[in-house]
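Please keep the sequence and the coordinates at hand while reading.

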Amino acid sequence: NAGDMNGSGNLMDFLDEPFPDVGTYEDFHTIDWLREKSRDTDRHRKITSKSKESIWEFIKSLLDAWSGWVVMLLIGLLAGTLAGVIDLAVDWMTDLKEGVCLSAFWYSHEQCCWTSNETTFDDRDKCPQWQKWSELLVSQSEGASAYILNYFLYIMWALCFAFLAVSLVRVFAPYACGSGIPEIKTILSGFIIRGYLGKWTLLIKTVTLVLVVSSGLSLGKEGPLVHVACCCGNFFSSLFSKYSKNEGKRREVLSAAAAAGVSVAFGAPIGGVLFSLEEVSYYFPLKTLWRSFFAALVAAFTLRSINPFGNSRLVLFYVEYHTPWYMAELFPFILLGVFGGLWGTLFIRCNIAWCRRRKTTRLGKYPVLEVIVITAITAIIAYPNPYTRRSTSELISELFNDCGALESSQLCDYINDPNMTRPVDDIPDRPAGPGVYSAMWQLALALVFKIVITIFTFGMKIPSGLFIPSMAVGAMAGRMVGIGVEQLAYHHHDWIIFRNWCRPGADCVTPGLYAMVGAAACLGGVTRMTVSLVVIMFELTGGLEYIVPLMAAAVTSKWVADAFGKEGIYEAHIHLNGYPFLDVKDEFTHRTLATDVMRPRRGEAPLSVLTQDSMTVEDVETLIKETDYNGFPVVVSKDSERLIGFAQRRELILAIKNARQRQDGVVSNSIVYFTEDPPELPPNSPHPLKLRRILNLSPFTVTDHTPMETVVDIFRKLGLRQCLVTRSGRLLGIITKKDVLRHMAQMANQDPESIMFN
């Protein structure tokens with residue numbers, strides 16, 4: 001027997017340093033959080049015990065402890081740099097559709113006129129160095145022919161950018177389309193999608209994001225920036241074995257990377273941390289909170305150093321309002337919240353219906369054509385209206401702005417009182433002039449256009465974010481309500497609601513604030529964010545004293561939208577794509593038991609199991625070949641069915657393959673045993689193969705009478721892949737995550753087969 005023990009001893013030594021690929025997962029499989037956590041604890045214990053042996057081991061343990069912070073620093077630096085580059089490139093390419101800077105073609109319109117000495121204050125947008133295409137090509141700036149030429153070139157540039165973007169996505173990185181947040185939520189919940197966070201995806205998403213935002217389509221860059229930051233996180237975590245070899249630890253890094261992504265998208269570091277916690281993360285320990293905070297800080301600092309907006313601020317939408325808000329204004333703010341909730345519901349229903357149609361009909365076979373058609377429609381309708389022609393971020397910035405004495409916007413065309421002698425800051429409410437009325441018409445048309453076109457744009461095969469279009473819809477509605485309230489207060493200041501706070505000649509209503517509240521309400525209605533939304537909004541605008549109106553609007557929009565359906569847009573897309581995502585927010589209230597859900601059901605073939613010491617290598621290989629299960633329970637014998645542990649399919653395959661290569665005497669009729677000591681064998685039988693090392697001796701079990709409510713909770717909170725069902729120690733069946741999701745879908749009267757992944 002010494003030889004047998006020796007043979008298995010060699011394998012044991014070999015298994016002590018796990019052979020390559022052990023503990024890794026296949027594509028489209030779920031990770032086992034408990035196993036990953038215990039593997040990390042073992043690794044940590046080993047490093048701690050070794051660190052006392054020598055100075056070198058002690059330094060290695062310090063490096064290991066610091067590696068997390070180093071990864072965060074690198075993610076922050078790269079995410080901030082990419083965001084700054086994207087912002088600068090988008091600025092330049094958006095202006096390229098209208099004209100070009102002669103002194104330096106890489107300058108955007110604004111930068112071009114900054115460097116000019118011949119700009120007057122009234123015509124600050126006009127300078128000889130900046131020429132529209134019509135001036136450059138036919139030397140005309142006014143007139144019908146110039147307008148038509150500019151119109152035509154605007155459409156051509158837009159089509160060119162969109163075509164290039166969709167082609168790059170199709171050919172090089174199909175995973176670079178969409179916003180990426182539904183998939184990131186799924187990955188963070190423990191699902192494996194190989195290549196989704198790869199280097200190609202990172203490169204193509206960054207390039208195509210610039211192209212699609214510049215093409216003028218109704219989409220934003222904020223959601224995709226979270227995906228870009230997570231790609232950076234995945235890249236840097238693959239450089240450190242602590243993260244590359246442990247999927248659970250890698251997801252902690254990705255949670256922090258998501259925070260850095262929002263931090264640079266909105267210039268809102270604290271909002272980013274809260275967004276990661278509230279919206280995308282599944283497992284968020286305290287350590288990850290601090291690291292997210294650090295990554296978001298570094299990312300914001302890097303972006304601030306690049307200063308892409310040239311205003312020494314992190315954000316484009318910085319506002320300063322000079323008047324406080326009044327209690328009576330809460331009523332219109334809450335109305336905007338209701339509007340936001342209704343728009344969110346409408347958008348989610350229509351967008352999901354359209355995306356489902358794209359999936360199930362021939363429309364899905366022509367992604368390039370779809371992008372070209374939508375871009376053409378967008379450009380043709382957008383150009384005549386000045387509010388839809390410019391980039392959506394600039395539009396939101398103008399809608400948020402307060403009308404100072406220096407504003408040249410149409411929205412600020414009020415009729416001035418000639419004998420007004422007041423400080424410049426505090427301009428009283430004035431009657432609206434013709435410019436404001438025409439602006440209201442254009443805004444109303446732009447609002448309808450944005451609402452309709454965004455439904456068809458989100459979900460095409462190009463990078464597309466949803467934050468900016470949603471905010472634009474809300475900001476347009478809000479600005480219109482704000483101007484309405486302001487005019488009402490001016491003309492009827494003797495009404496009882498205005499009498500207390502709106503004296504004639506006072507500045508009492510700020511329309512820009514209504515735009516800001518409307519933007520928050522619509523974004524909340526679509527994504528169902530609350531806390532992180534309010535923090536992002538006041539970091540974005542610097543409007544700290546307006547937290548209460550923002551909170552009122554955010555809560556109202558969530559209540560109204562939740563009345564029509566609990567799912568936000570990201571959860572709806574997760575369901576549409578059939579990802580195995582157990583949402584923490586879902587309630588399970590049905591009174592079913594584990595025995596109703598477990599397999600095998602009555603009339604099905606019995607469960608495929610391994611026995612502890614009576615199967616040969618050939619038996620095990622046949623079982624693996626004939627089934628496609630991810631693992632097998634190990635029992636004492638087929639008769640007693642007393643449970644011993646659980647062996648993963650992938651590790652069985654690798655262990656047997658390695659034993660055949662490295663160990664003498666292992667043949668097809670060698671006995672496989674999972675016990676400590678080898679079984680009693682006849683004298684001239686071949687070497688047995690010991691596989692106790694790959695056996696999980698503490699698989700999670702429940703009894704057959706455990707309520708499904710508890711089982712769902714266990715799967716959700718412990719992140720299990722499967723759970724075994726026993727009765728007084730005897731194995732009855734198995735419940736996998738997919739079974740749980742199918743059962744929940746069935747109970748909610750949905751198609752259980754819509755859960756299409758393992």
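What is the handedness of the link of Cys101 and Cys112? With 80° about the S-S bond, this link is right-handed. The model is a predicted one, and the sulfur atoms of Cys101 and Cys112 lie 2.0 Å apart in it. The pair connects distant parts of the chain, eleven residues apart: Cys101 belongs to strand β1 (residues 99–101) and Cys112 to helix α4 (residues 109–114). Cys101 is buried, at a relative accessible area of 2%, and Cys112 is buried at 0%.

Cys113 is in helix α4, whereas Cys127 is in the loop between α4 and β2 (130–132). Cys113 counts as buried at 8% relative accessibility, as does Cys127 at 7%.

Cys403 and Cys412 also form a disulfide, with 2.0 Å between their sulfur atoms. The torsion about their S-S bond is about -80°, so this disulfide is left-handed. Cys177, by contrast, is in no disulfide, the nearest cysteine sulfur being that of Cys355, 10 Å away.

Turning to model confidence, the mean pLDDT of the protein is 88, and 93% of its residues reach 70 or more. Over residues 1–17, however, the pLDDT is below 50.

Terms used
Residues are numbered from 1 along each chain as its sequence is written. This is a predicted model: local features need pLDDT of at least 70, side-chain atom pairs count only at pLDDT 80 or more; totals for chains, interfaces and linings use all residues. Side-chain values use heavy atoms; hydrogens and water are left out. pLDDT is the predictor's confidence in each residue, from 0 to 100. Contact means heavy atoms within 4.5 Å. A disulfide is a pair of cysteine sulfur atoms within 2.5 Å. Helices (H or I, at least four residues) and strands (E, at least two) are DSSP runs, numbered from the N terminus. Buried means under 20% relative accessible area, exposed over 50%, partly exposed in between (1.4 Å probe, protein chains only).
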